[in-house]
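Please read the following report alongside the sequence and the model.

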Amino acid sequence: MVSERVCIECRRRFRPSSGHLRCPSCRGRGVCSCGRRKQVKSNRCSACRSEVGAANSNWRGGRTRHQAGYVLVYARGHPRAGSNPYVFEHVLVAEELLGRFLRPDERIHHRNGVRDDNRPENLELWTRPQPSGIRVSDALDWAREILTRYDGACAPPTVLTSREAT
């Protein structure tokens, strides 16, 4: 049995009652060796753990499914990725096609209604309509802004007449 050990954290000498590598005062603290608070049932803080992304044994390639049926993709650092690093795949596909991030008033619509069908030909860019209760002059200004924003970006939609629909 070892009579004395040197604590790996504070370098003090102590007498272990079992196979401990840290002295009782360091074991009692909820602080990681880097100085941050440790996680429950862990000897490290979340920043010092190496189980992020592909290093985690539960990693599934960075793709998951939202409860509403949409596909989410791991995209840490994306403007839409806040505390959760996952972003909807249809948003990423549309942004790649557009060559820019979506604006706050823009949405991506699935043409066929299938939420996990993220083929480029199935996605279309929608913008929110003007605010309700708007003055006509303001509505005209808004319409001109939309026309200049998307001028030449896409072909006008085809509209069926009543004779063609039957």
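Aspartate 141 is partly exposed, at 46% relative accessibility, where buried means under 20% relative accessible area, exposed over 50% and partly exposed in between (1.4 Å probe, protein chains only). Its side chain meets that of arginine 144 in a salt bridge, at 3.4 Å from N to O; the term denotes a side-chain nitrogen of Lys or Arg within 4 Å of a carboxyl oxygen of Asp or Glu. Because arginine 144 and aspartate 141 are 3 residues apart in helix 3 (residues 136–149), about one helical turn separates them. Helices (H or I, at least four residues) and strands (E, at least two) are DSSP runs, numbered from the N terminus.

This is a predicted model, in which local features need pLDDT of at least 70 and side-chain atom pairs count only at pLDDT 80 or more, while totals for chains, interfaces and linings use all residues. Residues are numbered from 1 along each chain as its sequence is written, and side-chain values use heavy atoms, with hydrogens and water left out.

## Other salt bridges

A search of the whole structure finds 11 salt bridges. Among them, arginine 119 and aspartate 117 pair through their side chains at 2.7 Å, N to O; arginine 119 is partly exposed, with a relative accessible area of 40%, whereas aspartate 117 counts as buried at 14%.

Glutamate 106 forms a salt bridge with arginine 103, with the closest N and O atoms 3.6 Å apart. Glutamate 106 is buried, at 0% relative accessibility, while arginine 103 is partly exposed at 31%. A network of salt bridges links Arg100, Arg103 and Glu106.

## Helix 2 and its surroundings

In helix 2, the residues Glu89, His90, Val91, Val93, Ala94 and Glu95 are buried. The buried residues of helix 2 pack against strand 3 (63–65), strand 4 (71–74), strand 5 (86–88), strand 6 (106–110) and strand 7 (123–127). After helix 2 comes glycine 99, whose phi is positive, near 80°.

Methods. Contact means heavy atoms within 4.5 Å.
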